[in-house]
Amino acid sequence: MAVVAVYSVKGGVGKTTIAANLAWFSAMVSRRRTLLWDLDAAGGSGFLFGIDAQKRAAAGAIFDRDAEPASLIWQTGYDRLDLLPADNSLRDLDNVLTRIGKKKRLAKLTDTLSHDYERIVLDCPPVLNEISAQVMRAATCVIVPLPPSPLSARAFEIVAKEIRANTKRPPPILPVLSMVDRRRALHLQALEANPNWPVIPQASAVEQCAVRQAPVGAFAPNSPAARGFRQLWTAIERKLTNG
Ligand SMILES: Nc1ncnc2c1ncn2[C@@H]1O[C@H](COP(=O)(O)OP(=O)(O)OP(=O)(O)O)[C@@H](O)[C@H]1O
Ligand SMILES: [Mg+2]
């Protein structure tokens, strides 16, 4: 079992979009039993699959009251792809994790889920606190989406440094240029400066995910965006299997 965390200290960089789409490719193309776990109280991942868990408000209980994760997991309607959605009870997650004082609580929980899932994709909130520290302890690898700019390499280094400063054994970190528009000079510059980084294009097909409440691979499988997610997932899968 491998835990793929999609994380950045910055908001609005495409974490939820990438997490949801990667999880879909994991399940549908790599045919892995996959769990998408939304750790952000905003609940974006659930929304992208048309699942509204806010009424239940129980996702936080997994961490402090030993609620069974299995009882909160939803089927997405796609084979092999399940979702552990977020809800308002996660607003307090940082405090809960600090209070219970178990540094590997999230890692333990993902371990127990390894009986049922081969891949767990974490959609993380843009924070640097006990939640992100626990994510780093649980993650097999960390995907960091970066909007293209001449500063993206620097932005990546800042995230990587923060992660190193907050974990004893930081997992491998993979930068991804997200929302890339090849018509823009600054974006081209970022592409040239980081030729080996995977790329997710800025695309209306990606925006449509939120309208259709479906991953792009499900309704526009041949679009450049779907190709971007597929290539990114394939690169991750290769890293996970070959080390
Ligand atoms: N490749 C893309 N092309 C076009 N729009 C995109 C792309 N990626 C993300 N978006 C849009 O950008 C917005 C922010 O994306 P998303 O919610 O995935 O970011 P996030 O990093 O999870 O944000 P937050 O920090 O608030 O959780 C959304 O409206 C999403 O539809
Ligand atoms: Mg998000």
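Mentor: Let's start with a word we'll need: a residue is buried if 20 or more other C-beta atoms lie within 10 Å of its own, exposed if 12 or fewer, and partly exposed in between. By that rule, 46% of the 243 residues of this chain count as buried. Keep in mind that this is a predicted model.

Trainee: Okay, so why is R31 called exposed?

Mentor: Count its neighbours. R31 has 11 C-beta neighbours inside 10 Å, and the cut-off for exposed is 12 or fewer, so R31 counts as exposed. You'll find R31 in the loop between α1 and β2 (34-38).

Trainee: What is the phi of R31, and what is the phi of Q213?

Mentor: R31 has a positive phi of about 55°, and Q213 has a positive phi of about 50°.

Trainee: Which elements give two or more residues to the shell around ligand 1?

Mentor: First, the residues themselves: 19 lie around ligand 1, and G11, K15, T16, T17 and V206 come nearest. The elements giving two or more residues to that shell are α1 (15-28), β7 (173-180) and α9 (204-212). By class, the shell holds eight nonpolar, eight polar and three charged residues.

Trainee: Zooming out, how do you know that the chain agrees with a compact globule?

Mentor: Set the value against the rule. With 243 residues, a compact globule would have a radius of gyration near 18 Å; the chain has 17 Å, so the two agree. Its C-alpha atoms fill a box of roughly 50 × 40 × 35 Å along the principal axes.

Trainee: What is the chain built from, and how many of its contacts join residues at least 24 apart?

Mentor: The chain has 11 helices and eight strands. Among contacts between residues at least 6 apart in sequence, 74% join residues at least 24 apart.

Terms used:
Residues are numbered from 1 along each chain as its sequence is written. Chains are lettered from A and ligands numbered from 1 in the order in which they are written. This is a predicted model: local features need pLDDT of at least 70, side-chain atom pairs count only at pLDDT 80 or more; totals for chains, interfaces and linings use all residues. Helices (H or I, at least four residues) and strands (E, at least two) are DSSP runs, numbered from the N terminus. The radius of gyration is taken over C-alpha atoms; the globule rule is 2.2 Å times the number of residues to the power 0.38. Two residues are in contact if their C-beta atoms, placed from the backbone, lie within 7 Å. A residue is near a molecule or strand if its C-beta atom, placed from the backbone, lies within 6 Å of it. Ala, Val, Leu, Ile, Met, Phe, Trp, Tyr, Cys and Pro count as nonpolar, Asp, Glu, Lys and Arg as charged, and the others, Gly among them, as polar.
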